[in-house]
Amino acid sequence: MVKQIIFIIVKFTFLILPFICMSILVRCFPMFFMDEQYAAFKYNKEYTEGHEKYCRILIMGDSLAKISWIPDELSDDTFNFALLGNSPVENYYYLYEYLQNNEAPKYIFYTQATDRFLYSGGNFWKRNLYFHRINADEILDIYKTEKESGGGYIFEEKSLFDAALYLNYSPSCYSAAFINGLMSNRYKKNMDEYNYVVKYRGRTEPGKGKGYNGVHSIVNYTSFDYNSIPDLYVRKMLELCREKSIKMIYQAPPLNRATYKKLNENFLREYNKYMQKLQDDYPEALINGQFYYYDNIYFNDDWLHLNENGAIKFSREMKQKYNYIFDPQEAGA
């Protein structure tokens with residue numbers, strides 16, 4: 001009987017040992033196994049933990065901000081702190097964490113896709129949690145906040161158990177990364193991307209698209225039924241900026257012409273009303289949420305990410321629009 005039990009234990013151990021080893025390897029050597037978007041999240045975390053040169057202007061938001069705002073076109077003391085897939089929820093925690101470790105910037109420019117006010121898109125799980133950019137305490141706080149408010153956003157379809165699987169590098173979450181890491185040179189791709197975001201102060205290289213003539217799914221909305229959770233966290237960010245005497249500027253990204261021309265009038269009316277309410281509630285901030293468009297040639301894809309020419313156009317226009325912020329004399333004031 002004892003021998004049978006020992007045999008079962010040994011057999012079970014050998015059965016699960018490969019999965020344990022896999023989890024350990026992914027945990028210890030993420031640059032070898034994660035896809036190349038991991039590099040930007042890694043550097044973002046490192047920058048949060050401390051950096052030498054003072055950052056006067058911090059860019060925040062999602063992938064639209066990550067690509068569109070080019071620090072080299074703006075000022076020497078601008079850093080692109082945005083991350084792909086970020087919603088106001090993650091951005092609040094990353095800003096709070098940043099301010100715990102660094103001197104507060106004088107200005108924050110915040111840019112994100114309008115969709116982030118409506119639904120999360122699952123990027124919290126596929127990027128932020130998958131890359132371990134967000135910690136367990138923050139996850140619990142999000143869960144508690146959503147339960148207390150009666151809303152659903154991050155935890156609309158998933159649970160704390162799902163979060164625990166990611167936090168513990170469960171094979172169910174990371175087996176694909178492990179296999180892909182073994183079959184391709186992900187380390188080189190990650191290092192190339194890491195060196196890029198370091199060199200260009202957080203900015204991610206844009207796609208090579210030569211234009212996008214289609215329409216974004218935002219044209220399907222007939223009303224702006226914003227989700228209470230991102231609204232809550234946008235306000236938490238605005239309140240944190242108020243507390244730290246940071247001037248926060250919400251700058252909407254451009255749409256392509258094809259999308260702009262098909263926006264629903266009622267959606268526009270309700271969206272503008274929401275933006276005006278934010279401005280009224282936080283008069284010290286600047287809410288520039290009005291929709292506008294660029295020609296289709298300046299876009300890379302159906303998510304309306306700008307291509308390189310579009311990002312240069314946007315950054316130069318923003319520098320001119322906010323010249324009182326980006327002017328070198330202001331930096332020395």
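Colleague: Hi! I'm new to this one, so let me start with a residue I clicked on: what is the relative accessible area of Y226?

Modeller: Y226 has a relative accessible area of 40%, so it is partly exposed. Buried means under 20% relative accessible area, exposed over 50%, and partly exposed in between, with a 1.4 Å probe and protein chains only. This is a predicted model, where local features need pLDDT of at least 70 and side-chain atom pairs count only at pLDDT 80 or more, while totals for chains, interfaces and linings use all residues. Residues are numbered from 1 along each chain as its sequence is written, and side-chain values use heavy atoms, with hydrogens and water left out.

Colleague: Thanks! What does the secondary structure come to?

Modeller: The chain has 17 helices and 7 strands. Those are DSSP runs numbered from the N terminus: helices are H or I with at least four residues, strands E with at least two.

Colleague: What percentage of the residues is buried?

Modeller: Buried residues are 51% of the 333 in the chain.

Colleague: Back to rings. How many aromatic pairs does the structure hold?

Modeller: There are 46 aromatic pairs. In F117 and Y250, for instance, the ring centres are 6.1 Å apart and the planes are at 55 degrees, so that pair is tilted. F117 is in the loop between β3 (107-111) and α7 (123-129) and Y250 is in strand β4, so the pair ties together parts 133 residues apart in sequence.

Colleague: Are those two buried or exposed?

Modeller: F117 counts as buried at 1% relative accessibility, and Y250 counts as buried at 6%. Your Y226 has a partner too: with F224 it forms a tilted aromatic pair, 6.1 Å centre to centre and 40 degrees between the planes. F224 counts as buried at 4% relative accessibility, whereas Y226 is partly exposed.

Colleague: What counts as a pair, and what as tilted?

Modeller: Rings of Phe, Tyr and Trp (its six-membered ring) pair if their centres lie within 6.5 Å; planes under 30 degrees apart are stacked, over 60 edge-to-face, and the rest tilted. One aromatic cluster includes Y38, F41, W125 and Y174 among its members.

Colleague: New topic: which residues have a positive phi without being glycine?

Modeller: R201 is one of them, with a phi of about 50 degrees, and S245 is another, with phi near 60 degrees. R201 sits in the loop between α11 (186-199) and α12 (228-243), and S245 in the loop between α12 and β4 (247-251).

Colleague: Buried or exposed, those two?

Modeller: R201 is buried, with a relative accessible area of 17%, but S245 is exposed, at 63%.

Colleague: Last one: which residues does E308 touch?

Modeller: Leaving out residues up to four places away in sequence, E308 touches R203, P206 and G207; contact means heavy atoms within 4.5 Å. E308 lies in helix α15 (residues 308-321) and counts as partly exposed at 33% relative accessibility. Its C-alpha atom is separated from that of A285, 23 residues apart along the chain, by 29 Å.
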